Protein chains: 2
Amino acid sequence: MKFKALAIDIDGTITDTDRRLSLKAAEKLRTLEVPVILATGNVLCYARAASKLIGVCCRIIAENGGVITDGFDKEPIVSNHIHECEQAFVILSKVLDMEKLDSSLRKTEIVLRRNFDIETARALLETTGLDVEIIDTHFAIHIKSKKINKGTGLAKMADLMGLKVSDFVAIGDSVNDVEMLDIAGFAVAVGNADRVTKIAADYVTDTTYGDGTAEAIDYLLSKGML
Amino acid sequence: MKFKALAIDIDGTITDTDRRLSLKAAEKLRTLEVPVILATGNVLCYARAASKLIGVCCRIIAENGGVITDGFDKEPIVSNHIHECEQAFVILSKVLDMEKLDSSLRKTEIVLRRNFDIETARALLETTGLDVEIIDTHFAIHIKSKKINKGTGLAKMADLMGLKVSDFVAIGDSVNDVEMLDIAGFAVAVGNADRVTKIAADYVTDTTYGDGTAEAIDYLLSKGML
């Protein structure tokens, strides 16, 4: 089956652990005829810059599905769950020493430096009754609404593009990619992916990071899937 | 002479006219042993993303010198000239149909879509007595303070790094790079540069855009200048 679009994570999937772009992956992404949607836990302006520089401008799922846009200058669709996340942060930060990152740019969730015990935070969060979760993407720790994820983001993007989620190939490496991989028509995990992400994938690459994405694109093109 | 750092423009210098990163230029920049400073008219979060993705994180001159930072998570030094620019915009937008771009992210100047007559705007600005100027980078039109430019930004960055401006090589393509090229120890204009930018350069590359930057880096390395 030929898919109609590709949704792909940025950090760890087309970059290395230092967030350096894989030039090999960028080159492959530029060859694709189908639209490429960047789906990231990062903020919109970071993802917009990435989409311009990579050359796949400008359909973006940012903040793990909290912020969606299908054009560079378009007003994004922004979810309204930051309040619950702030409530959770107030409670958790009384017990744990937490440092917010890029908070002025982030609209729908809270991102923290990875310098506290996440299990302690999760246990504490259980007692609050708030409908939020804590996830670790290996690049940062996110306090996010359980109602929002890259899967709900992909569904919104599919609507904007007049497509079905089953029309998409999705590629990722981390726990915050799982819902997107679960609903996409075909799911790829790069070789460095978490165990749960690999379990969610239809295809796991032998190679890691950007090399894995390049390998996946070669595979998909060779099978006539993209 | 061996220089101690490289300051380089982004749009049109390491990208094409669509702001797509030159993978060749990125590869060359990654080989350098000296610090690479991105100097752009764009906003800080765009430049930070570029510095991470290119792999030259994270000393940045953004907003044409209005915003300076020498670390990814560091609070930037932000100039206080936006008020004059806003005054100019209020006057000009009464006569000309102007569209602000990324205004929520921009801290020190005003950027407009390139869809109005810049000479009419300049003539009108002359009558205001405001100490601001209008420049066209070919990517956008900027209303900016005359007190701030990439040259003043480079001087601030040199102070932060404990260097002299003469320790820097600078590479650019546009009118907003001229002051930086003027004060750097050695100035390069890529082949697609404006006439005034080429005049400010010690070396003009035969090739254009990212190919020009790659050519310049090869030249500087071959001469032991970087």
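**Close-up views of a predicted model**

**View 1. Buried area between the domains of chain A.** Interface size is often quoted as the accessible area lost when the parts come together. Between domain 1 and domain 2 of chain A, about 1,300 Å² is buried. Carbon and sulfur atoms carry 56% of that area. Three residues stand out on the domain 1 side: A:Val43, A:Glu63 and A:Ile148. Together they supply 33% of the area that domain 1 of chain A buries against domain 2 of chain A, more than any other three residues.

View 2. The rule finds 8 residue pairs in polar contact across the interface of domain 1 and domain 2 of chain A, with both residues at pLDDT 80 or more.

**View 3. The interface of chain A and chain B.** Here 19 residues of chain A are in contact with 19 residues of chain B. The two chains bury about 2,000 Å² between them, with 67% of it on carbon and sulfur atoms. A:Leu23, A:Arg30 and A:Leu53 supply 32% of the area that chain A buries against chain B.

**View 4. Helices and residue types on the chain A side.** Between chain A and chain B, 4 residue pairs are in polar contact, both residues at pLDDT 80 or more. The salt bridge count between these chains is 0. Helix H1 (23-31) and helix H2 (44-54) of chain A each supply at least two residues of the side that touches chain B. H2(A) gives the largest share, 6 residues. By type, this side of chain A divides into 9 nonpolar, 8 charged and 2 polar residues.

**View 5. Surroundings of B:Ala189.** B:Ala189 sits in strand S10 (residues 186-189) of chain B. Its relative accessible area is 0%, so B:Ala189 is buried. Beyond residues up to four places away in sequence, B:Ala189 touches B:Gly172, B:Thr197, B:Lys198, B:Ala201, B:Tyr203, B:Val204 and B:Thr205. B:Asp136 is 53 residues from B:Ala189 in sequence and 17 Å from it in space, C-alpha to C-alpha.

Terms used:
Residues are numbered from 1 along each chain as its sequence is written. Chains are lettered from A and ligands numbered from 1 in the order in which they are written. This is a predicted model: local features need pLDDT of at least 70, side-chain atom pairs count only at pLDDT 80 or more; totals for chains, interfaces and linings use all residues. Side-chain values use heavy atoms; hydrogens and water are left out. Buried area is the accessible area (1.4 Å probe) that two parts lose on being put together, summed over both. A polar contact is a pair of N or O atoms within 3.5 Å; within protein, one must be able to donate a hydrogen and the other to accept it, and residues adjacent in sequence count only if both atoms are side-chain atoms. Helices (H or I, at least four residues) and strands (E, at least two) are DSSP runs, numbered from the N terminus. Buried means under 20% relative accessible area, exposed over 50%, partly exposed in between (1.4 Å probe, protein chains only). Contact means heavy atoms within 4.5 Å. A salt bridge is a side-chain nitrogen of Lys or Arg within 4 Å of a carboxyl oxygen of Asp or Glu. Ala, Val, Leu, Ile, Met, Phe, Trp, Tyr, Cys and Pro count as nonpolar, Asp, Glu, Lys and Arg as charged, and the others, Gly among them, as polar.
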